[in-house]
Amino acid sequence: QVQLVESGGGLVQPGGSLRLSCAASGITFSIYDMGWYRQVPGKQRDLVAAITSGGITNYKTSVKGRFTISRDNAKNTVYLQMNSLRPEDTAVYYCNAHKDFATTKLVMNYWGKGTLVTVSS
């Protein structure tokens, strides 16, 4: 059974920092591309940051220079370090694991249940 379990969300003041973690089980973590998405009520879920199995990263423009995604394959965990947080970063943050198996054309995509980040004074 595949599980992605997020942790580290909470309430933080503007300008503060949080570190989100996503622990994966039931998959061969090292071969999956991992991502952090966020969603606010009434809006679609948007990609915040992603890291490929090879360690290549990309970020939503509005978080570049403030957020850093990283992964520890030995711990089956992906992280999102969030600095200089703004009220507009308030959302539920979801962890995603994605893998395209080219030889079989099988696509595997998994989601965590999310963790709430609230940026407010």
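T77 is found in strand β8 (residues 77-82); strands here are DSSP runs of E with at least two residues, numbered from the N terminus. You're working with a predicted model, where local features need pLDDT of at least 70, side-chain atom pairs count only at pLDDT 80 or more, and totals for chains, interfaces and linings use all residues. Residues are numbered from 1 along each chain as its sequence is written, and side-chain values use heavy atoms, with hydrogens and water left out.

**Exercise 1.** Work out whether T77 is buried or exposed, and what its side chain reaches.

*Solution.* 
- Step 1: look at the accessibility. T77 has a relative accessible area of 9%, so it is buried (buried means under 20%, exposed over 50%, partly exposed in between, with a 1.4 Å probe and protein chains only).
- Step 2: follow the side chain. It reaches the backbone oxygen of K75 at 2.8 Å. That's a polar contact: a pair of N or O atoms within 3.5 Å, where within protein one must be able to donate a hydrogen and the other to accept it, and residues adjacent in sequence count only if both atoms are side-chain atoms.
- Step 3: check who else is around. Not counting residues up to four places away in sequence, T77 touches residues including S21, C22, A23 and F29 (contact means heavy atoms within 4.5 Å).

**Exercise 2.** Say how many aromatic pairs the structure holds, and describe each one.

*Solution.* 
- Step 1: count. There are two aromatic pairs. Rings of Phe, Tyr and Trp (its six-membered ring) pair if their centres lie within 6.5 Å; planes under 30 degrees apart count as stacked, over 60 as edge-to-face and the rest as tilted.
- Step 2: take Y32 and Y110. Their centres are 6.2 Å apart with 45° between the planes, so the pair is tilted. Y32 sits in the loop between β3 (18-25) and β4 (33-39), while Y110 is in strand β10 (residues 106-111), 78 residues apart. Y32 is buried, at 5% relative accessible area.
- Step 3: take Y37 and W111. This pair is edge-to-face, at 4.9 Å centre to centre and 70° between the planes. It links strand β4 to strand β10, 74 residues apart. Y37 is partly exposed at 21%, and W111 is partly exposed at 36%.

**Exercise 3.** Find where N96 lies and which backbone oxygen its side chain meets.

*Solution.* 
- Step 1: N96 lies in strand β9 (residues 91-101) and is buried, with a relative accessible area of 4%.
- Step 2: a polar atom of its side chain lies 3.1 Å from the backbone oxygen of Y110.
- Step 3: leaving aside neighbours within four places in sequence, its contacts include Y37, Y110 and W111.

Technical notes
Helix = DSSP H or I, 4+ residues; strand = E, 2+ residues; numbered from the N terminus.
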